Amino acid sequence: MKTPTLPTLACGDEAAMPLLLKRGERFLEPDVYRTCLDGQPAVVKDYTRYRGTPLSLLARVLVRREARMLNRLSGWKHAPALLGTIGGLALGMEFIPGQTLSSAQMVGNEVFEQLQQALDRLHSAGITHNDLHGTNVVVSAGVPVLLDFTSAWRTPRWLRRNPISRQLSRSDLKNLVKMRQRLTGQRPSDALAARVADPGWVAAVRQGWKRFYRWAKQR
Ligand SMILES: Nc1ncnc2c1ncn2[C@@H]1O[C@H](COP(=O)(O)OP(=O)(O)O)[C@@H](O)[C@H]1O
Ligand SMILES: [Mg+2]
C-alpha cells in the first residue's frame, strides 16, 4: 500500500519552532515533536538521526509499518489520521489535543468503556496494539485515542484463531484492565477477568522462562 508523501511544511511560526514531546533515547526510538504540517497541528515521529547508519533500514521499516497501520485505520475516531511520510525516516500524523492516561488526573469509567469497545473493534479487525499503556492513549474531549502503532500487528483473516494472536489480544485487554484498576479503582467483572486469564500453556511457558532466567543468573 502506498502512503501519501507529505507536502512542504507550512504553518508560520509554529513550524519554525517545533515542540519536542519526547526525545528518542533508547534503541530505535524516534524523536517525537509537535509541529504544523500543511496548515494543521501535527505530530512527527522522526528517525532521521539514523540516516546513513546501518539501522536506517530498520527505522524505515518502523515508519512504513506505522504509516500503513494508520492508513488502514483512517476515519476511525480512536486513532490519529495519517498525514504522510517524510523522506522515509519520519512520519506525520494528526495532533490529538488532550492528556495521556498516564498524566490525566481524573479519568471516568466511561472512557474505559469506550476504550474496551475500541479494543474489541481493533481485535475483530485482526489487529493487536501490543504496546498498550498510559502514555500511548490520549483522552481528547472524553474520547480515548490510541497512539503509537509501531508494535501493532495485523494477522490475516485465515490465521486469526491461532494461539499467539489470541494471546496478543489477551495482553492488550490485560493492560487495559490494569490501567482501569489503577486509575478508577474498578476491578474487572468476573467475565472480563476470565477473558484475560492466561491459559495453562502461557502460564507454563512463563514459569519455565522464570526458572531458566533464575538458573542462568546464578551461573
Ligand atoms: N498524534 C499525537 N497527538 C498528540 N500527542 C502525541 C501524538 N503522538 C504522540 N504523542 C505524544 O508523544 C509521545 C510519544 O509518542 P509515541 O508515538 O508513543 O512514541 P514512542 O514510540 O517513542 O513511544 C506520546 O506518549 C504522546 O504523549
Ligand atoms: Mg509510546
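**Domain 1 against domain 2**

The chain splits into domain 1 (12–94) and domain 2 (99–196), with bounds from an automatic or database domain assignment. This is a predicted model: local features need pLDDT of at least 70, side-chain atom pairs count only at pLDDT 80 or more, and totals for chains, interfaces and linings use all residues. Residues are numbered from 1 along each chain as its sequence is written, and side-chain values use heavy atoms, with hydrogens and water left out.

Colleague: How many residues of domain 2 are in contact with domain 1?

Modeller: Contact means heavy atoms within 4.5 Å. Domain 1 supplies 14 residues. Their partners in domain 2 number 17.

Colleague: Which residues of domain 1 lose the most area to domain 2?

Modeller: Buried area is the accessible area (1.4 Å probe) that two parts lose on being put together, summed over both. Between the domains this is about 1,300 Å², with 64% from carbon and sulfur atoms. On the domain 1 side, 42% of the buried area comes from three residues together: Met 69, Trp 76 and His 78.

Colleague: Which residue forms a salt bridge with Asp 148?

Modeller: A salt bridge needs a side-chain nitrogen of Lys or Arg within 4 Å of a carboxyl oxygen of Asp or Glu. The count between the two domains is 1. For Asp 148, the closest N and O atoms are 3.1 Å apart, and the partner is Lys 45.

Colleague: Which helix gives the largest share of the domain 1 side that touches domain 2?

Modeller: Helices are DSSP runs (H or I, at least four residues), numbered from the N terminus. The largest share is 6 residues. It comes from residues 56–72, helix 2.

Notes: Chains are lettered from A and ligands numbered from 1 in the order in which they are written. Helices (H or I, at least four residues) and strands (E, at least two) are DSSP runs, numbered from the N terminus.
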